[in-house]
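Here is a short briefing for a first look at this protein chain. Keep the sequence and the 3D view side by side as you read.

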Amino acid sequence: MSREAWVLVVLAAVAALATLVGAVLLAVRVVRTRRMLGALGVGGKVAFYGALIYTILPVDVLPDPIYLDDMGVLAGALIYLGRLAAKHRAAQSDARGEPSATLPPAPRGSRRS
């Protein structure tokens, strides 16, 4: 093999390894959100299990050595689950009577009702 061919093989291997590591890290983050699934409802469960099944199954949009589609699905699931978790936390703080973190601070000398 020529030197240029070896360089291409090494670059392809490094790119494949980097995307594999990225996909594994995203999968680990998705699995860590599993403890909140009961509180996030059906939408959270569908996003969680759908992302994991898509990542594990060999049938993909792109072939398995290229994990970009898997990373996209996992990242989308994390974004969706994060938004659901934020809504859940806001609903819990409102139910407890705590001030919402999304409200700006009240001006000095004024009272909120």
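Which residues have the most contacts inside the largest nonpolar core? They are Val30, Leu40, Phe48, Leu74 and Leu81, in a core of 15 residues. Helices α1, α2 and α3 (68-96) each supply at least two residues of this core. Bear in mind that the model is predicted.

**Overall layout**
- The protein chain has 3 helices and 0 strands.
- From the N terminus on, the order of elements is α-α-α.
- Helix α1 spans residues 3-32, and helix α2 spans residues 37-56.
- Of the 113 residues in the protein chain, 21% are buried.
- Among contacts with a separation of 6 or more, 54% join residues 24 or more positions apart.

**Around the core**
- In soluble globular proteins, nonpolar side chains tend to be buried together.
- Leu81 is one of the core residues with the most contacts inside the core.
- Leaving out residues up to four places away in sequence, Leu81 touches Thr33, Leu40, Gly44, Ala47 and Phe48.
- Two of these partners, Leu40 and Phe48, are themselves on the list of core residues with the most contacts.
- Phe48 has a relative accessibility of 2%, so Phe48 counts as buried, the cut-off being under 20%.

**The aromatic pair**
- The count of aromatic pairs comes to 1.
- This pair joins Phe48 and Tyr49, with ring centres 4.8 Å apart.
- Their planes stand at 80°, so the pair is edge-to-face.
- Is Tyr49 buried, partly exposed or exposed? Tyr49 is partly exposed, because its relative accessible area is 43%.

- Leu17, Leu20, Val21, Val24, Leu25 and Val28 make a nonpolar surface patch of about 500 Å².
- Leu17, one of the patch residues, lies in helix α1.
- Leu17 has a relative accessible area of 52%, so Leu17 is exposed, the cut-off being over 50%.

**Lys45 and its surroundings**
- Lys45 sits in helix α2.
- With 40% relative accessibility, Lys45 counts as partly exposed.
- Beyond its neighbours within four places in sequence, Lys45 is in contact with Leu37 and Gly50.
- Arg34 is 11 residues from Lys45 in sequence, and their C-alpha atoms are 8.5 Å apart in space.

Note on methods: Residues numbered from 1 in each chain as written. Predicted model: local features only at pLDDT ≥ 70, side-chain atom pairs only at ≥ 80, totals over all residues. Heavy atoms only, no water. Patch = residues over 30% accessible without salt bridge, like charges linked within 9 Å, V, L, I, M, F, W, Y side chains within 5 Å. Areas by Shrake-Rupley, 256 points an atom, 1.4 Å probe, with all protein chains shown as cover. Salt bridge = Lys/Arg side-chain N within 4 Å of Asp/Glu carboxyl O. Helix = DSSP H or I, 4+ residues; strand = E, 2+ residues; numbered from the N terminus. Buried < 20%, exposed > 50% of the residue type's maximum accessible area, 1.4 Å probe, protein only. Contact = heavy atoms within 4.5 Å. Core = buried A, V, L, I, M, F, W, Y, C linked by side-chain atoms within 4.5 Å. Phe/Tyr/Trp six-rings, centres within 6.5 Å; stacked < 30°, edge-to-face > 60°.
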